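Dear colleague,

Please find below the structure that I am handing over to you. My findings come after it.

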Amino acid sequence: MKVNGTHYRTVWMPERGIVRIIDQRRLPWAFEVINLKSVAEVAHAIRDMAVRGAGCIGATAGYGMALAAIEAQSEAQLVALAQSLIETRPTAVNLAWAVNRQLNVLRNQPLETWQSIAKREAEAIADEDAAACAQIGVQGLQLIRQIAAQKPGEVVNVLTHCNAGWLAFVDHGSATAPIYAAHDAGIQIHVWVDETRPRNQGARLTAWELAQHGVPHTVIADNTGGHLMQHGQVDLVITGADRVTRNGDVANKIGTYLKALAAKDNGVPFYVALPSSTFDWSITDGVKNIPIEQRGGEEVTWMEGTDANGAPHHVRVVPAASPVANYAFDVTPARLVTALITEKGVVPATEAALAGRF
Ligand code: MRU
């Protein structure tokens, strides 16, 4: 994706021993690229959400393992470094998937070959993520085309939650890939962007991305979606996912479940876009079995923004004496999901359909 005319990926390795990322903590107030030079720095960047989003943290962890291959002097050390990466964030399965993929290719190989093997595998993980998201765009475009054909001359309104855009992956995004593809194909498209409290990934990141690409959009408070659906102002919902179970239950940013309920009540199609690295084939029943990350309360009690002069500020929005809870994700049961948009096509969210396709 382009930022001010220059093509960027969210994470890359410009030279041996350096992982480069776009610092998402600073967006949209500042666009900054930073270097990570050790596994500890990569782990901190993931934990502190300098990088975030399922595909992006998976690819970053893949590159983190390329640094681990430089730092480790034994298989035990390599496994310990891998574990330190896996522990940074529990819900998005792409993270553990990428780290384990690296461990699998490195195990039983001579230590002197680790660096080149791990770098190659990290590049493959990142390339595959970008290619899968591009393909999700191709698949999702067909759905948007069908809806556009039913309302010729009118705008297609998509609602999205959180940021499942290119910042959340290596490129293109999952939920945004069909949107970018439709916009580029000349379909009149408009996006309702949920602000996505507490961290405001929608207001800060998705809105910034869409503006960079010139896609018409409107940021709305999180509670607005139901009202818009009741008044025919949402043609479809597309969200991303952090983990999808074998039977199609979807873990995604907190608040996704409520949007799915509203969509069901109003007959609005509810799609979830994901690359196959986001499936967790080992579990069913996402409500019971997907670990839900609880993040620091300061995300709820404090907000970031700028003043009228563009100077960044951090302000408290909750009384100091009030306790808060901060569940980062929720699970939308498969019965509320119209279909999953994957790189292998648009698939019903059922165990049988997923088994057939994957
Ligand atoms: O806590 P985050 O920002 O890492 O949350 C993950 C997300 O961005 C969303 O849940 C997103 O919709 C899916 S990740 C592609």
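The notes below cover a sheet, the cavities and the pockets.

This is a predicted model, in which local features need pLDDT of at least 70, side-chain atom pairs count only at pLDDT 80 or more, and totals for chains, interfaces and linings use all residues. Residues are numbered from 1 along each chain as its sequence is written, and side-chain values use heavy atoms, with hydrogens and water left out.

**Sheet.** An open, antiparallel sheet is formed by 3 strands in the order β3-β4-β5. Strands are DSSP runs of E with at least two residues, helices are runs of H or I with at least four, and both are numbered from the N terminus; two strands pair if DSSP finds at least two bridges between them. β3 pairs with β4 (residues 18-22) over 3 bridges in the antiparallel sense, and tryptophan 12 stands opposite arginine 20 in β4. Helix α2 (residues 54-71) lies across β3, β4 and β5, at about 30° to β3 (axes are lines fitted to C-alpha atoms, for helices over the stretch in contact, and angles run from 0 to 180 degrees between N-to-C directions; contact means heavy atoms within 4.5 Å).

**Cavities.** The structure holds 2 cavities of 30 Å³ or more. On a 1 Å grid over the protein atoms alone, a cavity is a set of points where a 1.4 Å probe fits but cannot get out, whereas a pocket is an open set with protein on both sides within 12 Å along at least five of seven lines; lining residues have an atom within 4 Å of a point. A volume is the space filled by probe spheres set on the points, which are joined across faces, edges and corners. The largest cavity holds about 180 Å³. Its lining has 23 residues, with Arg52, Gly53, Ala54, Asp242 and Phe329 nearest the centre. Domain 1 (2-128) and domain 2 (136-357) both contribute to this lining, so the largest cavity lies between them; the domain bounds come from an automatic or database domain assignment.

**Pockets.** The largest pocket has a volume of about 430 Å³. Among its 21 lining residues, Arg199, Arg204, Glu299, Glu304 and His314 lie nearest the centre. Because both domains give residues to its lining, the largest pocket also lies between them. The second largest pocket has a volume of about 150 Å³, and α5 gives the most to its lining, with 4 residues.

Yours sincerely
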